[in-house]
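Trainee: Could you walk me through this structure, one question at a time?
Mentor: Gladly; let us look at it together.

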Amino acid sequence: MESREMAKLALNALDDKKGINITVIDISNISVLADYFIIAGGNNENQVKALADNVEETFAKVKISAKHIEGYKNANWILMDFNDVIVHVFNEDDRLFYDLERIWRDGKIVDADEL
């Protein structure tokens with residue numbers, strides 16, 4: 001599956017669970033880490049975990065498993081590495097603190113319709 005399709009799957013999974021301010025950043029031209037960073041927020045620990053769970057379940061349905069997941073226990077910032085797509089699910093306070101959108105501002109913000 002192409003990374004663009006994977007990004008769309010993750011975006012839809014986060015949107016299904018009412019992720020806050022979902023941002024997709026195309027970093028393919030500025031980094032070898034991945035093609036897309038997807039950043040979403042949740043209101044509380046339960047929602048952050050539900051968002052991450054839904055992404056993982058959605059990918060599992062198409063036989064894609066995460067290379068690495070960390071932060072699930074604390075649920076302040078869950079990082080999910082699917083090779084070409086990296087999903088970050090934050091509680092809103094930590095999202096503002098780490099401000100990944102600023103750090104990766106050289107990437108291209110991708111509108112959902114573009115996926």
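Trainee: Which residues of helix 2 are buried?
Mentor: First, a word on the model: it is predicted, so local features need pLDDT of at least 70 and side-chain atom pairs count only at pLDDT 80 or more, while totals for chains, interfaces and linings use all residues. Residues are numbered from 1 along each chain as its sequence is written, and side-chain values use heavy atoms, leaving out hydrogens and water. Helices (H or I, at least four residues) and strands (E, at least two) are DSSP runs numbered from the N terminus, and buried means under 20% relative accessible area, exposed over 50%, partly exposed in between (1.4 Å probe, protein chains only). On that basis, the buried residues of helix 2 are Q47, V48, K49, L51, A52, N54, V55, T58 and F59.

Trainee: What covers those buried residues of helix 2?
Mentor: Look for contacts, meaning heavy atoms within 4.5 Å. The cover includes helix 1 (3–16), strand 1 (20–26), strand 2 (36–42), strand 4 (77–81) and strand 5 (85–91).

Trainee: At the start of helix 2, which residue has a side-chain oxygen that reaches to the backbone nitrogen of N46?
Mentor: Helix 2 covers residues 45–61, and the distance to the backbone nitrogen of N46 is within 3.1 Å. The residue that supplies the side-chain oxygen is N44.

Trainee: How many bridges does strand 2 form with strand 5?
Mentor: Two strands pair if DSSP finds at least two bridges between them. Strand 1 and strand 2 run antiparallel, joined by 5 bridges, with I20 partnered by G41. Strand 2 and strand 5 instead pair in the parallel sense, and Y36 has V85 as its bridge partner. The number of bridges between strand 2 and strand 5 is 7.

Trainee: Which residue in the turn between strand 4 and strand 5 has a positive phi?
Mentor: These strands run antiparallel, joined by 5 bridges, and L79 stands opposite H88. They form a hairpin with 3 residues between them, and the positive phi of about 70 degrees belongs to N83.

Trainee: What kind of aromatic pair do F37 and W104 form?
Mentor: Rings of Phe, Tyr and Trp (its six-membered ring) pair if their centres lie within 6.5 Å; planes under 30 degrees apart count as stacked, over 60 as edge-to-face and the rest as tilted. The structure holds 6 aromatic pairs. For F37 and W104, the centres are 4.8 Å apart and the planes make 75 degrees, so with the cut-off of over 60 the pair is edge-to-face.

Trainee: And why is the pair of F59 and F82 called stacked?
Mentor: F59 lies in helix 2 and F82 in the loop between strand 4 and strand 5, so the pair ties together parts 23 residues apart in sequence. F59 counts as buried at 0% relative accessibility, and F82 does at 3%. The ring centres are 4.2 Å apart and the planes lie at 20 degrees, so the pair is stacked.

How values were computed: Expected span 1.5 Å × (residues − 1). Polar contact = N/O pair within 3.5 Å; in protein donor to acceptor, adjacent residues only side chain to side chain.
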